[in-house]
Amino acid sequence: MDYNNSINKNFYNFWKNINKTLFFLIFFLFLLGLFFSLVSTSLIASDKLDTNSYYFFYRHLFYIIIAFFILITFSSIDTKSLIKLSYFLFVLSLFFLILVPIIGVEVKGSKRWIDLPFLPRFQPIEIVKPFFIILASIILSSEKNRNIYLKFLLSFLLLLPIILLLINQPDIGQTLLIFLTWFSLIFISGVNIIIFSISFSFLLLSLILLVFLLPSKFGYILIRLKAFFDPKSGNNYQSEKCSDAIMNGGFFGKGIGEGDLKNKCPEAHTDYIISVISEEFGILFIIFLMVILLFFVHQVFQKINLEQNNSYKLILIGSVCIMIFQSLIHIGVNIRLFPTTGMTLPFISYGGSSIVGTSILAGFILNLTRR
């Protein structure tokens with residue numbers, strides 16, 4: 001009886017203090033992702049894998065159940081305990097990222113995943129990103145060290161091994177994403193604009209040198225850029241199909257299950273989910289989805305204005321920024337505004353690592369926006 005009362009009391013305290021608007025927005029976005037996984041992968045599973053037509057749906061559902069367990073755990077524990085736990089989890093996830101070039105699984109010329117006996121195939125960088133945001137925010141907001149340039153240097157040293165490991169995979173999309181998030185944190189922290197500009201220029205120059213000095217490993221970037229600027233080069237099959245799908249969908253879409261992109265593009269349910277949705281449900285539904293995401297961001301920024309702790313402010317800003325940048329890159333690739341990067345859409349795209357990584361970020365946000 002006492003045990004049951006304790007559980008009821010803990011649940012009551014959790015539900016009383018949680019930001020219910022943000023919680024239901026996150027829940028709704030995850031449910032949308034599950035629904036689109038069903039409509040975009042059932043034919044792929046039955047036709048190409050010769051298996052249960054709901055194979056991907058069941059896997060997506062399994063990952064969402066895990067995601068909500070993580071979400072509730074991270075949002076309910078004490079904030080200081082969460083930050084202490086993040087130190088350990090960052091080291092652990094970084095260790096898995098180090099294992100990628102050693103025991104990683106190579107897919108289409110890139111080693112980005114590891115496959116362990118006790119863990120299904122997953123992408124370690126998706127787990128590293130949330131905990132990097134916490135550690136970088138703690139460094140940049142530290143009151144013990146008031147030298148902003150030393151903080152800048154320490155946060156860069158934290159970032160450097162992650163960048164080097166990502167470049168080695170190679171995964172330029174995730175490299176740019178985590179760099180942009182770090183830039184946002186240091187800019188908000190008050191780093192001189194000159195230092196900020198030099199850092200950005202250094203990143204751009206490094207990418208250019210990598211492409212031309214190591215063409216065997218990074219030549220694919222140049223191929224994608226050529227395909228982006230010259231559609232006639234013949235290396236933009238996926239981008240063309242995505243553009244065609246968006247145009248064919250029009251304002252109201254062709255109807256559920258009537259789209260062709262999911263059968264023509266091998267990564268439609270992950271990297272090109274926006275095009276799949278647009279083809280079957282129309283551009284108006286995409287606008288509705290973007291409004292939901294923007295409303296989610298607006299709700300978080302309202303809470304940031306009320307937060308007094310600078311560390312918590314930076315963690316919230318970093319968590320929201322990485323979601324915004326990832327969404328913008330994903331949408332930009334789908335409408336041919338950016339070259340192909342292989343970036344998933346937070347909450348919506350199929351993929352266990354992406355769903356778990358997003359749930360960790362959402363857990364941070366719910367934890368730091370509690371009453």
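Is Thr175 buried or exposed, and what is its relative accessible area? Thr175 is buried, with a relative accessible area of 1%; buried means under 20%, exposed over 50% and partly exposed in between, with a 1.4 Å probe and protein chains only.

The model is predicted: local features need pLDDT of at least 70, side-chain atom pairs count only at pLDDT 80 or more, and totals for chains, interfaces and linings use all residues. Residues are numbered from 1 along each chain as its sequence is written, and side-chain values use heavy atoms, with hydrogens and water left out.

**Figure 1. Thr175 in helix α7.** Thr175 belongs to helix α7, residues 172-189. Helices are DSSP runs of H or I with at least four residues, numbered from the N terminus. Between the C-alpha atoms of Thr175 and Leu165 the distance is 9.3 Å, and the two are ten residues apart in sequence.

Figure 2. Helix α5 comprises 17 residues, 124-140. From first to last C-alpha the helix reaches 24 Å, close to the 24 Å expected at 1.5 Å a residue; the expected span is 1.5 Å times one less than the number of residues. At Pro130, α5 bends by about 25°, the bend being the angle between axes fitted to the seven residues ending at a position and the seven starting there. Since 16 of its 17 residues are buried, α5 is largely enclosed by the rest of the structure.

Figure 3. Glu126 and Lys129 form a salt bridge, their closest N and O atoms lying 3.1 Å apart. The term denotes a side-chain nitrogen of Lys or Arg within 4 Å of a carboxyl oxygen of Asp or Glu, and by this rule the count is one. Glu126 is buried at 5% relative accessible area, and Lys129 is buried at 3%.

**Figure 4. A nonpolar surface patch.** Leu150, Leu153, Leu154, Leu157, Leu160 and Leu164 make a nonpolar surface patch of about 490 Å². Patch residues have over 30% relative accessible area and no salt bridge, and nonpolar side chains (Val, Leu, Ile, Met, Phe, Trp, Tyr) are joined within 5 Å. Leu160 lies in helix α6, residues 148-168, and counts as partly exposed at 32% relative accessibility.

**Figure 5. Confidence along the chain.** The average pLDDT, the predictor's confidence in each residue from 0 to 100, is 79, and 78% of the residues score at least 70. Among the elements of the chain, α5 has the highest mean pLDDT (91) and helix α9, residues 215-229, the lowest (60). Where pLDDT is low, the predicted coordinates should not be read in detail.

Conventions:
Helix = DSSP H or I, 4+ residues; strand = E, 2+ residues; numbered from the N terminus. Patch = residues over 30% accessible without salt bridge, like charges linked within 9 Å, V, L, I, M, F, W, Y side chains within 5 Å. Areas by Shrake-Rupley, 256 points an atom, 1.4 Å probe, with all protein chains shown as cover.
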